[in-house]
Structures are given as C-alpha cells and as structure tokens.
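Open the model in your viewer and keep the selection tool at hand.

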Amino acid sequence: MSELAELERLQTQILHRIAKLELSILPSNNSPNKDLPTTTEARLSALLFDAGVKDFSFKRVPSDYYDWSFEARRDILGAASIHHLCKSIVLVNTQAASNITDCSDPQNSKYYVVVVQYTARFSAENVKNFLYSLNNGKIPKKRFNLRLAPEEISHNLTGFEHNGVTCVGMKTDIPVILDEAIAKLNPDFFWLGGGEIDLKLGIRTSEFINFAKPFIVNCSGS
C-alpha cells in the first residue's frame, strides 16, 4: 500500500473516532437527529466501521468533476483504471403488481439500486431476466420492467442527490445489484458515489459485498 493510501486510511479512522465522540456528547433528550454525526463522511465512515469494513477511503473532488474525462477522474481519485469508476443508480419496476409498492421483498422489489461501471453499457434486459429467474418463473416476465427512477424518487428513497447516490446509509433498505464485472476487477478496489455530489467512496470489493450483500449479476450487456 502506498504512503498516500495509508494516510487516507488513517484519516478515515480519525473521522470515525470523531463521529463516535460526537455521538457520546450529544444531549440524550434533544432533537430526533441526535444520533447523526454532523458530516456525511463521518456518518458513513461510522456505519462502515461498525459493520466491520476496514478498507475504504473518501475523497473530495472539484465541482466540475463530471465535466472531466474518465482518465482525469481516474487520476484524481488514484483509481487503478477508468473501469474502476462506478455509479449507483436507482431503478423502479414500472410493471410491478399493484401490491408491490416498497422494498420489503428483495426478490420482487419495487425499487433496486444497481452499481455499474461508468464505462459499461447497462442492460435493463439482463436485470429483468435475472429477476425472472430469481423468482423461478413464478412471476410473469411482463411484470419486470426496470427503468431509471425519477430524481425526486431516488432522493426520497436514498437521501442522496444525483451523482451522490451510494449504497451506504440509504434512508430506505433498497436491494442492491452489483454488476459482476465490478466483482471481477483487478485490483479489487473500486470507486462510487460517497453521499454528496463532490464526495467519492473507494472500497475493497469483497468488503463492499459483505456489507451491501448485493445480488451479483451480469447487467452491463457484455
């Protein structure tokens, strides 16, 4: 591990300790949000550490980050390749039965969060076929039609803005689907949204899988 990576890891550990300290000194009878650390990074770091995740790092990026090439984004994050740059998108099943309105059944949810590479071409058809097979063909294929959820719905479900969506600390426990191409990346450390538009989260793939417990699916059309 490089000296810079080690410094970033130490910084994350310090943030976690700060978050814990904030929790310990907050009044016990005040606002309903008293259990939330004051920053997104501290809150999400605390959640990851509490879940046993150790190999992760947050990094701030400039406000014009999304105007940059993939190569420039790779360089500022220190990612291994442009294929290690990923995003989380919220999908809605527009053809779900009328009684399917939430995420209580991971196998037949109204919404899913899919993590894919920026360089990949997402295939909703692959996800549709996976969900059909997951339910052993008991639900007609026509009942699966995955589309990008409107930004307002995505924000209400996750608590995160567009380009800031992450699978950590979502308001709603939405089932997660991880593109199998990400699971095969070498080295196995990828980057995705970190809860704010200019905050990115890098995480060890195996630890992400243990944390998010995603369905691993070929959903990039390859």
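Buried means under 20% relative accessible area, exposed means over 50%, and partly exposed lies in between (1.4 Å probe, protein chains only). This is a predicted model, in which local features need pLDDT of at least 70 and side-chain atom pairs count only at pLDDT 80 or more, while totals for chains, interfaces and linings use all residues. Residues are numbered from 1 along each chain as its sequence is written, and side-chain values use heavy atoms, with hydrogens and water left out.

Select Cys219 first: its relative accessible area is 0%, so it is buried. Cys86, at 4%, is buried too. The structure has 0 disulfides (pairs of cysteine sulfur atoms within 2.5 Å).

Next, show the largest nonpolar core, which has 32 residues. Such a core is a set of buried Ala, Val, Leu, Ile, Met, Phe, Trp, Tyr and Cys residues joined through side-chain atoms within 4.5 Å. Leu48, Phe56, Val115, Phe190, Ile203 and Phe208 touch the most other members. Apart from this core lies another, of 13 residues, including Leu91 and Phe144.

Now centre on Leu48. Beyond its neighbours within four places in sequence, Leu48 contacts (heavy atoms within 4.5 Å) Val53, Phe56, Phe58, Val168, Leu201, Ile203 and Phe211.

Finish with the backbone. The peptide bond from Asn186 to Pro187 is cis, with omega near 0°. Asn136, which is not a glycine, has a positive phi of about 55°; with 60% relative accessible area, Asn136 is exposed. Asn163 also has a positive phi, near 75°, and is partly exposed at 24%.
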